[in-house]
Amino acid sequence: MSTDSKTRVVTTYRLREMKSRGEKISMLTAYDYSMARIVDAAGVDVVLVGDSAANVMAGFETTVPMTLDHMIYHARSVTRAVKRALVVVDMPFGTYQGNSREALASAVRIMKEAEADAVKLEGGEEILESVQRILCAGIPVMGHLGLTPQSIHKYGTYAVRAKEQAEADKLVRDAHLLEEAGCFGLVLEKIPAVLGTRVSQELEIPTIGIGAGGGTDGQVLVIHDMLGINNEFSPRFLRRYADLYTQMMTGVSRYVEDVKSGDFPSEQEQY
Ligand code: KIV
């Protein structure tokens with residue numbers, strides 16, 4: 001398929017097909033061109049330009065400070081690199097909760113300026129009007145329930161969500177509302193595995209879990225965490241596939257030593 005039109009190989013329709021045939025969906029975050037190229041070439045199905053960029057790229061403690069301009073900057077770098085995967089971009093805090101008109105305007109900016117494939121919003125019933133308005137404009141929307149990091153100041157903790165029955169019931173209701181509204185998929189973050197499985201079985205749209213157990217239709221992780229670039233974050237749900245912190249420290253320290261000792265550059269490394 002040609003990628004000139006920016007129609008990527010993985011579409012929201014394909015994700016639905018993957019769920020129906022029981023093929024698990026892989027999703028990873030990326031925030032810049034070089035990382036996105038690797039993630040796409042490695043065969044990841046969905047690249048998420050997450051507002052976790054606030055933490056791993058900008059060093060903020062929460063995702064709250066992220067702006068629409070920041071997200072568009074990261075998303076543009078990612079969409080320039082990705083040829084195959086579906087690119088989903090997080091709508092940052094404050095750009096969709098207030099009113100649905102503003103939500104649509106923010107989503108349109110992401111689609112036009114970043115050439116994204118879809119947007120992701122955190123929340124259920126409270127943001128339904130915004131979700132509906134964005135969907136009416138033909139923009140694919142992914143929901144996000146469970147732990148919603150943009151609400152950290154409301155809950156005050158990143159602990160597992162929906163352990164109590166009332167919260168679990170609300171989550172199930174919200175999941176159905178988002179599916180009925182027309183969302184193409186749903187991220188479920190840090191909830192009990194039984195609840196992740198139940199929601200995934202009840203919905204026809206794919207669910208992608210992060211700390212939601214093995215019963216969801218796919219998995220997502222933050223790339224800096226799973227590659228071990230960020231070595232200070234070790235929640236139970238995280239599996240590390242590399243120790244890039246150590247490898248990068250070793251490489252950079254060796255470079256410093258070589259420069260200081262005059263070993264670099266050698267005769268062969270100059271003109
Ligand atoms: O911002 C992000 O990276 C996310 C994932 C944790 C799902 O929303």
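Guide: Two packed helices are described by the angle between their axes and the distance between the axes. Here the axes of helix H2 (residues 33-41) and helix H4 (residues 68-81) cross at roughly 40 degrees and come within 8 Å. Axes are lines fitted to C-alpha atoms, for helices over the stretch in contact, with angles from 0 to 180 degrees between N-to-C directions. Helices are DSSP runs (H or I, at least four residues), as are strands (E, at least two), numbered from the N terminus. H2 is therefore oblique to H4; angles under 35 degrees count as roughly parallel, over 145 as roughly antiparallel, 65 to 115 as roughly perpendicular and the rest as oblique.

Guide: This is a predicted model: local features need pLDDT of at least 70, side-chain atom pairs count only at pLDDT 80 or more, and totals for chains, interfaces and linings use all residues. Residues are numbered from 1 along each chain as its sequence is written.

Visitor: Which residues of H2 and H4 make the contact?

Guide: Tyr 33, Ala 36, Arg 37 and Asp 40 of H2 meet Ser 77, Val 78, Arg 80 and Ala 81 of H4, contact being C-beta atoms, placed from the backbone, within 7 Å.

Visitor: Which residues does UniProt list for "binding site"?

Guide: The unreviewed UniProt entry lists Asp 51, Ser 52, Asp 90 and Lys 120. They span 70 residues in sequence, yet no two of their C-alpha atoms are more than 12.5 Å apart, so they gather at one spot.

Visitor: Where does Asp 51 lie?

Guide: Asp 51 is in the loop between strand E2 (46-49) and helix H3 (53-56).

Technical notes
Contact = placed C-beta atoms within 7 Å. UniProt positions renumbered as here; feature names shortened; annotations may be inferred.
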